Amino acid sequence: MGKLLPEYFDHTILKADAGEGDVTRVCREALQWGFASVCVNGCYTKLAARLLAGSKVKVCTVAGFPLGMADSQVKAFEAEQAIKDGAGEIDMVMNIGALKDHRDDFVRKDIEIVKEKCQGKALLKVIIEACLLTDEEKIRACCLAAEAGADFVKTSTGFSTGGATVEDVALMKKAVSGRAKVKAAGGIRSARDAYKMIQAGADRLGTSATVAIMEEDRM
C-alpha cells in the first residue's frame with residue numbers, strides 16, 4: 001500500500017478538446033479516490049459543480065489561462081463567474097510579461113483584483129509559469145503573489161515550454177516563507193515524480209495522470 005494521499009491532488013482536465021464525457025469521467029474518478037479538486041476550464045464549472053455536489057471534492061477553475069495576458073478585470077470576471085457557478089478554487093495565471101518588465105505594482109494589483117473576488121469564497125492559486133523565468137524572477141513572482149494574498153503559488157500551466165521541477169518547487173517554497181503554499185503542476189506522470197515534488201515542498205499536485213499515479217503507488 002502506498003503513502004500518497006489523494007488530498008494532495010488536483011485531478012485536471014484542461015485540454016482544448018475535452019468534452020462533457022471527459023469532464024464527467026474525471027469527476028467520477030475524483031469522487032472515487034477523494035482528490036482535493038477537479039480542475040476544469042470555465043465552461044465546465046457548472047457541470048463539475050453538479051457532479052461533485054455534496055462531496056468534499058472542490059471545483060477548481062482557471063482564469064487568464066493559459067497565457068496570463070488577459071486584462072485584470074477579465075481575470076476577475078472569470079473568477080467571479082466561476083465562483084457563482086460553484087468553484088471553490090481559482091487558478092489564475094500571472095502576467096508574465098509585466099513581471100519581466102519589472103512592473104511589480106501592476107503584477108501585484110493584477111492578483112489583488114482577483115483575490116478580492118475570491119476573498120472568503122475560494123482559494124486563489126497563482127501560476128507563475130516558472131519555465132519562462134530566471135531564478136530571480138521566480139522569487140519575485142512568488143513574493144508578489146504572497147503579498148497580494150494568494151493562497152498558493154503554482155509552478156506551471158502545463159501548456160508552455162516546461163512543467164514542474166524539483167528545483168523550482170524548493171525555490172518557490174523558500175520564497176514564500178510560509179505566507180503561501182506551493183502547487184506543482186506540469187509533467188507529473190508517475191508516483192516517483194509525485195514523491196519528489198512533495199519532498200521538495202509541494203503542498204498540492206496538479207496532473208491529468210492522477211489515477212495512474214495512485215494505482216502505481218498502491219501496487
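Q: Which residue takes a positive phi just after H8?
A: This is a predicted model, so local features need pLDDT of at least 70, side-chain atom pairs count only at pLDDT 80 or more, and totals for chains, interfaces and linings use all residues. Residues are numbered from 1 along each chain as its sequence is written, and side-chain values use heavy atoms, leaving out hydrogens and water. Just after H8, the residue with a positive phi of about 125 degrees is Gly201.

Q: Which residues of helix H8 are buried?
A: Here "buried" means under 20% relative accessible area, while exposed is over 50% and partly exposed lies in between (1.4 Å probe, protein chains only). H8 covers residues 191-200. What covers its buried residues includes strand S1 (9-13), helix H7 (166-176), strand S7 (181-185), strand S8 (204-207) and helix H9 (210-217). The buried ones are Ala191, Ala194, Met197, Ile198 and Ala200.

Q: Is Ser190 buried or exposed?
A: Ser190 sits in the loop between S7 and H8. Leaving aside residues up to four places away in sequence, Ser190 touches Ile213 and Glu216, where contact means heavy atoms within 4.5 Å. Its relative accessibility is 18%, so Ser190 counts as buried.

Q: In S8, which residue is the bridge partner of Phe9?
A: Two strands pair if DSSP finds at least two bridges between them. S1 and S8 run parallel and are joined by three bridges. In S8, Phe9 is partnered by Leu205.

Q: And in S8, which residue is the bridge partner of Lys183?
A: S7 and S8 also run parallel, with three bridges joining them. Both faces of S8 are covered, with Arg204 and Gly206 buried on one side and Leu205 and Thr207 on the other. The partner of Lys183 is Arg204.

Q: How many of the six residues of strand S3 are buried?
A: S3 takes in residues 58-63, and it is largely enclosed by the rest of the structure. That description follows from a simple count: of its six residues, the number buried is five.

Q: How are H5 and H6 oriented to each other?
A: Axes are lines fitted to C-alpha atoms, for helices over the stretch in contact, and angles run from 0 to 180 degrees between N-to-C directions. The axes of H5 (residues 104-118) and H6 (residues 135-147) come within 8 Å and cross at roughly 45 degrees. Angles under 35 degrees count as roughly parallel, over 145 as roughly antiparallel, 65 to 115 as roughly perpendicular and the rest as oblique. H5 and H6 are therefore oblique.

Q: By class, which residues make up the contact of H5 with H6?
A: The contact is made by Asp104, Val107, Arg108 and Ile111 of H5 and Arg140, Leu144, Ala145 and Glu147 of H6. For classes, Ala, Val, Leu, Ile, Met, Phe, Trp, Tyr, Cys and Pro count as nonpolar, Asp, Glu, Lys and Arg as charged, and the others, Gly among them, as polar. That gives four nonpolar, no polar and four charged residues.

Q: At what angle do H3 and H5 pack?
A: H3 covers residues 72-84, and its axis lies 8 Å from that of H5. The packing makes H3 roughly parallel to H5. The angle is about 20 degrees.

Q: What is the relative accessible area of Phe106?
A: Phe106 is found in helix H5. Not counting residues up to four places away in sequence, Phe106 touches Ser72, Asn95 and Ala98. Phe106 is partly exposed, and the value is 32%.

Q: How many Å separate the C-alpha atoms of Phe159 and Pro66?
A: Phe159 lies in the loop between strand S6 (152-154) and H7. Not counting residues up to four places away in sequence, Phe159 touches Leu14, Lys15, Phe65 and Pro66. Phe159 and Pro66 are 93 residues apart along the chain, and their C-alpha atoms are separated by 6.7 Å.

How values were computed. Helix = DSSP H or I, 4+ residues; strand = E, 2+ residues; numbered from the N terminus.
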